[in-house]
Each structure stands twice: as C-alpha cells, then as structure tokens.
Amino acid sequence: MQTHVIVSYDGTDNDHDALAFGRILGDAGARISLAYVRHSQEADAAVEQAAQAQAEELLERGAQWLGHTEVGRHVVLSGSTGEGLRQLAQRENADLVVFGSDWHTAPGHVQPGRSAVRLMEGGPVSIVIAAAGLRNRTGASLRTIALAGGEVDDAARTTAETLAANAGTALALPSQDGVDLLVVGSRPGTPHGQVGVTAANEYVVETTTSSVLILARGVVFDVRQSAARQQEAAHAQQ
C-alpha cells in the first residue's frame, strides 16, 4: 500500500517549507495530499460558498507550487487546526502529517507550531516539522539522516537506518553538520501507534538545524519501500 502523506498548508511562507518536504517525499513515491483547516462555517449560504471556494483555490495554488498537480486536496472544518488534521489523518489512514515551523523560526531551525504540538502528545500519526527556509534550498533532499538519542524503540532505529540506506549513506550523528533529517522516536510507555516525546527530545527538536521526523511508537516509516510494494502489486495484477 502506498505511503500517504498529508501536508498542512495555509499559504504562509513556512507552510511552503512543508510543501518542499512533501515534494521530496512525493518524488520518492509517496501519495501526497494537501489539507487546509477552516475554523468556522458561515451562516449565509453565499458567504459560505465563497469561503469554501477560496480555500479550494488556496490548495490549488499549493498543488501548483508543489509540482504534483494530481495531489488530493482536503478542506477541513474544525475549530482547531490540530484537531482537524488529527481527524483527517485517522479518516484517511495517513502515515504522516507534515507541518512547517512556527512563523518566527530562524532559517535552518525547527520550532513546532501549536497544531504540531497538539499532535506531538498523543497524536495518532507520525509527523514531520520542516526546517524553516527549506523552500529556498535548491535540490533539497533527504541524504543525511540522524537518529536522536535516548531510549529508542526498534521502529525508530529501523526507520533511520533504512532512510539512510536508501540515500546510500551511513547513519549520521545528531550533532553532525549538514543533517537533512533527524528521526525522533516516541518515548517508552507510549501506546503503539501514538506519538509521545520526552522532554529531552523536545529540547533536541527545538535546537536542531534539520527537519524532524517524530515517529508514532512502534511505527516504521519507509517511503521508498512502500512505493516499491505498490509497484510490485501493480505488476502482479497485470
């Protein structure tokens, strides 16, 4: 089954960083969807129709920027962006939700916004927080992969090692210069399939200079392997 990645997008600069990360995964074979959360429904039918059309146009612009015009688009109605994305991820059986960093984050750094933080504690899906300024990096890729320290579950280690192997590189140290992606596992005791980050790794996330993949407990993420499985299934049906 093809890996499904949902990118949270509202048209802001830092959400273009999320788009840039989604493009990397889409180019590697993942199925990408864009999601925008509207926070209220208009009482007047004409105003509501216009608001919905505006949201759909925003996602269309995001798809054009992404360069994958076939991507799915979801306009979600929820009072909370984080809660709306949580429900969408569960409904769509998504493997990953990608966020941009908070709007004031310095280029090259990561700072989870409120919506990402909501899914970092008990969320039902792995998340990525794209480094600020990723949108401006020509030829951005996931070549150098590191694994955050501490007590790491097997799924997090397998994910980091597999992503590094796919890139043809050895697993890097978190302190190494030029890391493209830091993999963070959920803390011991977190229920399988949920996200839970230790205080130590929260600090690591906020001080790293790379995009961050925070994995749900016990869940392996490998976009290329999933894409290969889809191709094998397609050949088997021919």
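Analyst: Let us begin with pairing: two strands pair if DSSP finds at least two bridges between them. The strands and helices themselves are DSSP runs, numbered from the N terminus, with at least two residues (E) for a strand and at least four (H or I) for a helix. This is a predicted model, where local features need pLDDT of at least 70 and side-chain atom pairs need pLDDT 80 or more, while totals for chains, interfaces and linings use all residues. Residues are numbered from 1 along each chain as its sequence is written, and side-chain values use heavy atoms, without hydrogens and water.

User: What makes S1 and S4 a pair?

Analyst: Strand S1 (residues 4–8) and strand S4 (residues 96–100) share three bridges in the parallel sense, and the rule asks for at least two, so they count as paired. Val7 faces Val98 in S4.

User: Which strands make up the sheet, and in what order?

Analyst: The open sheet holds eight strands, ordered S3-S2-S1-S4-S5-S8-S7-S6, with mixed pairing. S3 (72–77) and S6 (145–147) are at the edges; each has a single partner strand, so one side of each lacks a neighbour in the sheet. On average, neighbouring strands are turned by 25° against each other, direction ignored. Such angles lie between N-to-C directions and run from 0 to 180 degrees, using axes fitted to C-alpha atoms, for helices over the stretch in contact.

User: How many bridges join S1 to S2, and how many join S4 to S5?

Analyst: S1 and S2 run parallel and are joined by five bridges; His4, for instance, has Arg31 in S2 as its bridge partner. S4 and S5 also run parallel, joined by five bridges, and Leu96 stands opposite Ser126 in S5.

User: What does helix H1 touch?

Analyst: Contact means heavy atoms within 4.5 Å. H1 (residues 13–27) packs on the sheet and touches S1, S2 (31–38), S4, S5 (126–130), S7 (181–184) and S8 (211–214), with its direction at about 145° to that of S4. Helix H6 (residues 199–207) packs on the sheet too, touching S5, S7 and S8, and its direction makes about 170° with that of S7.

User: Why is Ser210 called buried?

Analyst: Buried means under 20% relative accessible area, exposed means over 50%, and partly exposed is in between (1.4 Å probe, protein chains only). Ser210 has 2%, so it counts as buried. Ser210 lies in the loop between H6 and S8, where its contacts include Gly108, Val110 and Ala131.

User: Then is Pro174 buried or partly exposed?

Analyst: Pro174 has 41% relative accessibility, so it counts as partly exposed. Its place is the loop between helix H5 (154–167) and S7. Among the residues Pro174 touches are Ala146, Leu147 and Val179.

User: What makes S4 largely enclosed?

Analyst: Five of the five residues of S4 are buried, so the rest of the structure largely encloses this strand. Leu96, Val98 and Gly100 point one way, while Val97 and Phe99 point the other way. S2 is also largely enclosed, because six of its eight residues are buried.

User: How does the radius of gyration of the chain agree with a compact globule?

Analyst: The radius is taken over C-alpha atoms, and the globule rule is 2.2 Å times the number of residues to the power 0.38. For 238 residues a compact globule would be near 18 Å, and the chain has 17 Å, which agrees. The C-alpha trace spans about 55 × 50 × 40 Å along its principal axes. The chain has seven helices and eight strands, and 49% of its 238 residues are buried.

Terms used:
Lists of a residue's contacts leave out its neighbours within four places in sequence.
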